[in-house]
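User: I have just opened this entry and have not seen it before. Could you walk me through it?

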Amino acid sequence: MIVAHTLTDPIVNDATTRIGLIEALDADIARVTADGAYDTIAFYETAAARGATVVVPPNKTARVSRRRPRSSARDRTITKMKNIGRRRWKKEVGYHQQARVVNVFFRYKSIIGGSLRARSPAGRVTEAVIACNILNQMTEVGRPESYSIGR
């Protein structure tokens, strides 16, 4: 489900934008999963302030921080990934959940289109809100009921 969204200019940093979305959410956040573009100390700190676990693969050149500011959660992630390998880390932390997010955006662009049609900024915001609501409703209707069956 899409629980937060915003429209940005092409020159805006993704990690900075998502920090604002995390701060704006009223609901509890247990986990934040994102791609490597969000591997910033500020992103980790914002999620930690909300009590959320961060699942972001560090850049391949990432190093444990030796000076301030530092994120102990990010440092733990870097250390664990170096010890067990990138592929195994992704499996252990459930990074595959990121694929669901990518699928939502694929669905958005397939159904709604890859660009906004409204000309005014307020119209674009309204168009994006409506599109997100439509996708959430479609997801809810099409979600199968899953349950374990005995062997």
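Analyst: Let us begin with one piece of packing in this predicted model. The buried residues of helix 6 pack against helix 5.

User: Which residues of helix 6 are buried?

Analyst: The buried residues of helix 6 are Glu127, Ala128, Ala131, Cys132, Leu135, Asn136 and Thr139.

User: How many residues does helix 6 have, and how far does it reach?

Analyst: Helix 6 has 22 residues and reaches 32 Å from its first C-alpha to its last. That span is close to the 32 Å expected at 1.5 Å a residue.

User: What does Glu127 touch?

Analyst: Leaving out residues up to four places away in sequence, Glu127 touches Ser115, Leu116, Arg117 and Ala118.

User: And Val141, is that buried or exposed?

Analyst: Val141 is also in helix 6. Its relative accessible area is 73%, and the cut-off for exposed is over 50%, so Val141 is exposed.

User: How far is Val141 from Ala48?

Analyst: Their C-alpha atoms are separated by 33 Å, and the two residues are 93 residues apart along the chain.

User: Let me step back. What is the overall make-up of the chain?

Analyst: The secondary structure comes to six helices and two strands. From the N terminus on, the order of elements is α-β-α-β-α-α-α-α. The C-alpha trace spans about 50 × 50 × 25 Å along its principal axes.

User: How much of the chain is buried?

Analyst: Of the 151 residues in the chain, 28% are buried. As for contacts, take those between residues at least 6 apart in sequence: 44% of them join residues at least 24 apart.

User: What about pockets? What is the volume of the largest pocket?

Analyst: The largest pocket has a volume of about 1900 Å³. Helix 1 (14-24), strand 1 (31-33), helix 5 and helix 6 (121-142) are the elements that give two or more residues to its lining. Helix 5 gives the most, with 10 residues.

User: Which residues lie nearest the centre of that pocket?

Analyst: The lining of the largest pocket has 48 residues, and Ile2, Ala4, Arg18, Val101 and Phe105 lie nearest the centre. By type, the lining divides into 24 nonpolar, 13 polar and 11 charged residues.

User: Moving on to Arg74, where does it sit?

Analyst: Arg74 is placed in helix 3 (residues 72-84). Arg74 counts as buried because its relative accessibility is 12%, under the 20% cut-off.

User: What is Arg74 in contact with?

Analyst: Setting aside neighbours within four places in sequence, Arg74 is in contact with Asp39, Ile41, Tyr44, Ala62 and Arg63.

User: One last topic: what confidence does the prediction carry?

Analyst: The chain averages a pLDDT of 84, and 95% of the residues score at least 70.

User: How should I treat places with a low score?

Analyst: Where pLDDT is low, the predicted coordinates should not be read in detail.

Key. Residues are numbered from 1 along each chain as its sequence is written. This is a predicted model: local features need pLDDT of at least 70, side-chain atom pairs count only at pLDDT 80 or more; totals for chains, interfaces and linings use all residues. Side-chain values use heavy atoms; hydrogens and water are left out. pLDDT is the predictor's confidence in each residue, from 0 to 100. On a 1 Å grid over the protein atoms alone, a cavity is a set of points where a 1.4 Å probe fits but cannot get out, and a pocket is an open set with protein on both sides within 12 Å along at least five of seven lines; lining residues have an atom within 4 Å of a point. Grid points are joined across faces, edges and corners, and a volume is the space filled by probe spheres set on the points. Helices (H or I, at least four residues) and strands (E, at least two) are DSSP runs, numbered from the N terminus. Ala, Val, Leu, Ile, Met, Phe, Trp, Tyr, Cys and Pro count as nonpolar, Asp, Glu, Lys and Arg as charged, and the others, Gly among them, as polar. Buried means under 20% relative accessible area, exposed over 50%, partly exposed in between (1.4 Å probe, protein chains only). Contact means heavy atoms within 4.5 Å. The expected span of a helix is 1.5 Å times one less than its number of residues.
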